[in-house]
Amino acid sequence: MTKREYHKMNGIRTLEVMGRAYFKSRWHSTELRPLIPYLFTEWKCNLDCHYCWSYNNAVKGMTEDVAKALDRLVANSIGSRVLALMGGEPLLRPKFIHKIVYYSAKKDIFVYLPTNGRLMKPDVTDRLGDAGLATVNLAVDSVKDRKSLPKALEPIRPYFDYLVKRQHHYGYTVMFNINICHNNIDDVKELTEIAHDNGIATDYHINETPMTEQTHFKHLNENQTYLTPEDWPKVECLARLPERQAYQRGI
């Protein structure tokens with residue numbers, strides 16, 4: 001696709017799946033009208049980010065029969081045409097994710113895939129792109145790998161470059177998902193520049209301590225990633241990054 005065709009296709013797709021769901025939810029405001037269902041296919045993960053409690057490597061992944069229950073989300077035109085696959089790391093089972101993407105895309109569902117990218121090899125990108133994947137949310141917190149923030153760009157740079165290169169072939173979009181932590185403020189700036197240089201979007205999370213108790217979480221004490229009151233001015237400065245630094249951002 002040309003750049004114009006690519007943006008036109010994604011603009012129309014966004015209006016059809018997200019816009020339609022939103023306006024239906026407003027028109028039927030007294031009914032349950034989910035906008036973005038989250039399908040947690042895994043609790044397992046191949047990385048150990050020190051801020052993350054939302055994984056448990058002792059829990060088995062979702063079955064295919066349970067995943068196909070997503071039909072209920074679009075039955076009777078209740079409005080939802082977006083599906084976010086969640087984890088853990090969804091690509092621990094790439095063939096399973098491929099089935100979900102293919103099955104959903106045939107029903108005109110906008111499939112959103114978050115991943116740390118460690119398993120998104122070129123052949124995985126090609127299979128998912130061909131199956132109809134709509135968006136890849138690439139979670140990166142630092143440029144170089146470090147113990148507390150292993151979701152780094154450097155180890156996956158060849159995969160990232162291929163993912164970006166194939167956007168206009170398959171039609172999916174790519175974005176960086178960056179968690180703003182106590183120990184990665186400079187990385188956030190650099191990753192935003194890299195995203196801008198590659199013409200992809202960015203979104204940001206504010207890192208905070210777990211709000212629910214998780215008995216398996218092992219990094220609650222002496223954690224280097226949690227923001228402190230002393231970090232707040234630095235985070236505010238990130239929100240004022242020069243316009244040239246970000247293709248799209250939000251804090």
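Which elements each supply at least two residues of the nonpolar patch? They are α1 (3-27) and β1 (38-40). The model is predicted: local features need pLDDT of at least 70 and side-chain atom pairs pLDDT 80 or more, whereas totals for chains, interfaces and linings use all residues. Residues are numbered from 1 along each chain as its sequence is written, and side-chain values use heavy atoms, without hydrogens and water.

**View 1. The nonpolar surface patch covers about 770 Å².** Ile36 lies in the loop between α1 and β1 and is partly exposed, at 41% relative accessible area (partly exposed lies between buried, under 20%, and exposed, over 50%). Helices are DSSP runs (H or I) of at least four residues, strands (E) of at least two.

**View 2. The largest nonpolar core has 43 residues.** Leu85, Ile97, Leu128 and Phe176 touch the most other members (a core joins buried nonpolar residues through side-chain atoms within 4.5 Å). Helix α8 (residues 185-197) gives the most to this core, five residues. Contacts of Phe176 (heavy atoms within 4.5 Å), leaving out residues up to four places away in sequence, include Leu138, Phe160, Leu191 and Asp203.

**View 3. The model has zero disulfides.** A disulfide needs two cysteine sulfur atoms within 2.5 Å. For Cys52, the nearest cysteine sulfur, that of Cys49, is 6.2 Å away.

How values were computed:
Patch = residues over 30% accessible without salt bridge, like charges linked within 9 Å, V, L, I, M, F, W, Y side chains within 5 Å. Areas by Shrake-Rupley, 256 points an atom, 1.4 Å probe, with all protein chains shown as cover. Salt bridge = Lys/Arg side-chain N within 4 Å of Asp/Glu carboxyl O. Buried < 20%, exposed > 50% of the residue type's maximum accessible area, 1.4 Å probe, protein only.
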